[in-house]
Amino acid sequence: MDYFFEKFIDCESSDPVTDLKPESNQSLVKTILEKGLKAAQQQNWLEVSNQLKQLPQTQSDHDSNQFLVNSADWQTVFDVALEMLIKADFLHKWEITKLFPLLGDKIIIPLSALALDETIEAEVRWFICQILGNFAEQSVVLTLVQLLQQSTDNELITIAGKTLIKIGDRAIDALVELLSQPKYRLLATKALSYIRTTSTITPLLAITTYEDAELRAIAINALGSFHDRRVAPILITALQDPASTVRKEAAIALGFRPDLCQEANLVEHLQPLLYDLNIEVCSQAAISLGRMQQPAANAVLFKVLQANTTPISLKLNLVKALGWSQLSSGIVYLEQALDNSNNLVRQEIILVLGRISTPELKHQSVQILINLWQLRQSLPVSSRQTLATSLGELRDRSAQKVLEQLTQDSDRKVQLHAISALKKLAVSSEQ
């Protein structure tokens with residue numbers, strides 16, 4: 001019964017959970033526990049649960065019920081409950097999970113250790129997260145963050161995140177205190193980033209001024225999810241942060257705020273990052289500018305796309321950004337870029353044009369692709385395949401002649417792509 005308990009808690013503790021009880025209560029507890037122990041030996045988990053529910057309870061200082069048992073009895077109850085949590089089926093685990101909080105915060109240390117023990121079954125650790133969510137303690141929050149960091153089990157990651165959100169505001173003050181301790185600063189910052197409530201904005205704003213770039217990047221990432229008037233100026237300032245990780249996170253965050261584009265001159269602020277020394281920052285700036293859906297942003301993107309010094313990997317993202325802008329100017333710029341692009345970039349342009357979803361821009365895209373075929377029939381096989389696929393995705397009847405020509409291509413794969421595209425045109429015309 002005590003094989004897990006001995007590992008995680010000092011069994012010799014004699015501190016009572018509550019004041020001593022009347023003899024009648026002690027007798028009642030003893031009788032209940034005897035029945036509970038017997039039921040546990042028989043693995044009759046329903047009876048175990050029923051017996052534990054009959055234990056006398058009292059009101060704690062936090063106005064929540066707790067079992068009215070002394071330390072020795074507490075140990076026995078914990079042992080029985082833990083054995084049920086480990087051995088019972090899902091439904092009975094769920095039932096015992098509801099009773100664990102009645103044992104008070106003494107369960108935090110042993111259950112936290114179990115939550116982080118990768119030798120314990122994932123389902124048991126999942127339920128432990130549920131239990132720990134009843135306690136807004138620093139140690140609980142840190143345990144959950146550690147679990148998020150070390151676990152590869154998606155269900156565990158999900159429940160740990162949800163539990164942090166459940167704790168929410170009750171844990172923020174405790175985390176802010178931990179920020180003053182270098183040993184826990186990173187974990188506390190990560191915890192605040194997971195608990196995305198408005199109460200975390202103030203401490204996160206403070207973290208953006210810390211010397212540690214990793215902490216600043218985490219804070220900027222979290223702040224990007226808030227539409228709070230205090231956040232945008234911080235994000236814009238972070239675009240000039242000396243750390244590339246911070247600049248990248250700021251660019252990502254501002255990409256989701258096209259509503260601020262005019263008011264905050266975001267195109268002007270994001271443009272310099274297209275020339276950043278870090279290629280990831282450049283690429284993210286391109287993506288964010290595309291999301292602005294502004295002619296000025298498209299002009300900036302096209303200028304960099306045309307430059308001979310622009311790396312190919314960045315050009316590919318610039319092409320995608322022009323397509324995402326959902327503006328006619330973006331389509332025009334892509335057409336112009338076809339003239340002086342290498343095969344890889346040209347193929348990306350063809351692919352992006354085929355993904356245009358705005359009805360009024362689809363025909364414009366189709367005409368560009370048709371013109372490309374008519375003027376450049378010496379396209380490589382990969383580009384001809386992509387051309388056929390894109391014309392099929394656009395589902396415009398004006399592309400039928402080109403697709404029919406592609407069905408006669410010398411390459412079998414191009415033929416198959418063209419045949420598939422013609423079928424899509426046929427289905428589209430019937431609808």
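Gln415 lies in helix α26 (residues 412-430); helices are DSSP runs of H or I, at least four residues, numbered from the N terminus. This is a predicted model: local features need pLDDT of at least 70, side-chain atom pairs count only at pLDDT 80 or more, and totals for chains, interfaces and linings use all residues. Residues are numbered from 1 along each chain as its sequence is written, and side-chain values use heavy atoms, with hydrogens and water left out.

Reader: Does Gln415 count as buried or exposed?
Author: Buried means under 20% relative accessible area, exposed over 50%, partly exposed in between (1.4 Å probe, protein chains only). Gln415 has 17% relative accessibility, so it counts as buried.

Reader: Which residues does Gln415 touch, not counting residues up to four places away in sequence?
Author: Contact means heavy atoms within 4.5 Å. On that basis Gln415 touches Leu406, Thr407, Gln408, Asp409 and Ser410.

Reader: How are α8 and α10 oriented to each other?
Author: The axes of α8 (residues 138-150) and α10 (residues 169-178) come within 9 Å and cross at roughly 80 degrees. Angles of 65 to 115 degrees count as roughly perpendicular. The two helices, α8 and α10, are therefore roughly perpendicular.

Reader: Which residues of α10 make the contact with α8?
Author: On the α8 side are Gln138, Val141 and Leu142. From α10 come Ala171, Ala174, Leu175, Glu177 and Leu178.

Note on methods. Axes fitted to C-alpha atoms, helices over the stretch in contact; angles between N-to-C directions. Parallel < 35°, antiparallel > 145°, perpendicular 65-115°, else oblique.
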